[in-house]
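Q: I'd like to learn how to read strands and helices off a model. Can you walk me through one?

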Amino acid sequence: MNSMTDMEVRAHAEHHASLRLWLRLLSCTTRIEDTIRQRLREQFGITLPRFDLMAQLEREPQGLSMSELSRRMMVTGGNVTSIVDQLEKEQLVLRQTQVGDRRSFTVSLTEAGRNAFAAMALAHEGWVVELLSPLSEREQTQLHQLLGSLKSGTPTHSKENT
């Protein structure tokens, strides 16, 4: 891991354990995401945002509006338009005018898009399994539960035990 993705270099022994944990989580996330970005680019010639947009569409066979794609991906409408434009040129998505509103569009995967995404998703899953393989299945389950508590804000311990 290079120092650009290793956020822990910012931490010092005297920093609070919570800060050190945050920097470690950030470093792990960045390392995994960087590896996936690189592999998507090298093996499929696609960017992570384009893969993410296709993943949203794969879950919704009837398609999604541009505004719903923007909301789900937490990016601006302009970014979604740019990604859709690229995917449409490659005939991976189809943009259709919504019935009753000529200014709104529904985007869906084409047959070629579904096939391309299926291959990418299979590879993506394998990469994630590989990148998390330093942890046993039991450790992954434990970490998943702990992060679930962190995400929900629900303590896993009583204050008396700390």
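A: Let's start with pairing: two strands count as paired if DSSP finds at least two bridges between them. This is a predicted model, and here S1 and S3 are joined by 2 bridges and run antiparallel. Within that pair, Ser65 sits opposite Thr106 in S3.

Q: How many bridges join S2 to S3?

A: Strand S2 (residues 93–98) and strand S3 (residues 101–109) share 6 bridges, and they too run antiparallel.

Q: What happens between the strands in the hairpin of S2 and S3?

A: There are 2 residues between the strands, and Gly100 in this hairpin has a positive phi near 85°.

Q: What is the order of the strands in the sheet?

A: Go by who pairs with whom. The order is S1-S3-S2, an open sheet of 3 strands with antiparallel pairing. The edge strands are S1 (64–65) and S2, since each pairs on one side only.

Q: Which helix lies across S1, S2 and S3?

A: That's helix H2 (residues 48–58), and its direction makes an angle of about 95° with S3.

Q: Which residue follows H6?

A: Gly153 does, and its phi is positive, near 80°.

Note on methods
Residues numbered from 1 in each chain as written. Predicted model: local features only at pLDDT ≥ 70, side-chain atom pairs only at ≥ 80, totals over all residues. Heavy atoms only, no water. Helix = DSSP H or I, 4+ residues; strand = E, 2+ residues; numbered from the N terminus. Contact = heavy atoms within 4.5 Å. Axes fitted to C-alpha atoms, helices over the stretch in contact; angles between N-to-C directions.
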